[in-house]
Structure formats: C-alpha cells, structure tokens
Amino acid sequence: MFEYLILYLIAINAFGFLFMLIDKIKARRGKWRIPESTLMGIAFIGGSIGSLLGMYTFRHKTRHPKFTLGIPLIIAVQIILSGIVAIFFL
C-alpha cells in the first residue's frame with residue numbers, strides 16, 4: 001500500500017507542476033486558463049510541492065497572495081497531518 005501512496009504523490013505533484021506550466025503558456029497567449037480553484041485543488045489533494053516548484057520555476061502566480069501564502073500553508077498542514085498519521089497509525 002505504501003508503494004501506491006508514493007506513486008500517487010509522484011503523479012499528483014507532476015500534475016501540479018505541469019498545470020502551472022500549461023496555465024502560464026495559456027496566460028501568455030491570452031487563451032482559456034485553468035481555474036485557480038483547480039490549481040489550488042491539485043495542491044490540496046497532495047500536489048503542493050509540485051505546484052510550488054512549478055510556480056517558481058515558471059514565475060507563475062508569484063504575485064498572488066492566494067498562491068504565495070496558500071500553497072506553503074497547504075504544505076505545512078500536509079506535513080503536520082502526515083506526522084500525526086505516522087505517530088498514531090504506524
């Protein structure tokens with residue numbers, strides 16, 4: 001089961017990273033954009049590291065407090081919850 005969790009986290013973080021790239025490309029071209037709720041949702045369900053890396057790699061959403069504060073906050077909460085799960089369930 002642990003292997004599936006690792007595979008899931010790799011995949012969802014890759015999606016977070018790629019969605020930041022896709023949204024940046026679409027923003028430059030003035031085309032349809034990925035909704036902010038989708039970008040934050042990916043971070044929330046485990047893709048926060050990939051989203052943060054994509055944000056700063058592509059310099060996308062770095063002026064929006066919702067992202068510059070929100071995604072690191074999501075990461076902090078995920079770390080705390082992971083610690084709690086590790087302590088009580090492993």
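Val-77 is partly exposed, at a relative accessible area of 40%; the partly exposed class lies between buried, under 20%, and exposed, over 50% (1.4 Å probe, protein chains only). This is a predicted model, in which local features need pLDDT of at least 70 and side-chain atom pairs count only at pLDDT 80 or more, while totals for chains, interfaces and linings use all residues. Residues are numbered from 1 along each chain as its sequence is written, and side-chain values use heavy atoms, with hydrogens and water left out.

Val-77 sits in helix α4, residues 70–89. The protein chain has 4 helices and 0 strands, in the order α-α-α-α from the N terminus. Helices (H or I, at least four residues) and strands (E, at least two) are DSSP runs, numbered from the N terminus. The C-alpha atoms fill a box of roughly 50 × 25 × 20 Å along the principal axes.

Val-77 also belongs to a nonpolar surface patch whose members include Leu-73, Ile-80, Ile-84 and Phe-88.

Met-55, in helix α2 (residues 36–57), counts as buried, with 0% relative accessibility. Of the 90 residues of the chain, 29% are buried. Phe-44 is 11 residues from Met-55 along the chain, and their C-alpha atoms are 15 Å apart.

For the protein chain, 65% of the contacts between residues at least 6 apart in sequence join residues at least 24 apart.

Note on methods: Contact means heavy atoms within 4.5 Å. Patches are made of residues with over 30% relative accessible area and no salt bridge: like charges are joined within 9 Å, nonpolar side chains (Val, Leu, Ile, Met, Phe, Trp, Tyr) within 5 Å. Accessible areas come from the Shrake-Rupley method with a 1.4 Å probe; for residues, only the protein chains shown count as cover. A salt bridge is a side-chain nitrogen of Lys or Arg within 4 Å of a carboxyl oxygen of Asp or Glu.
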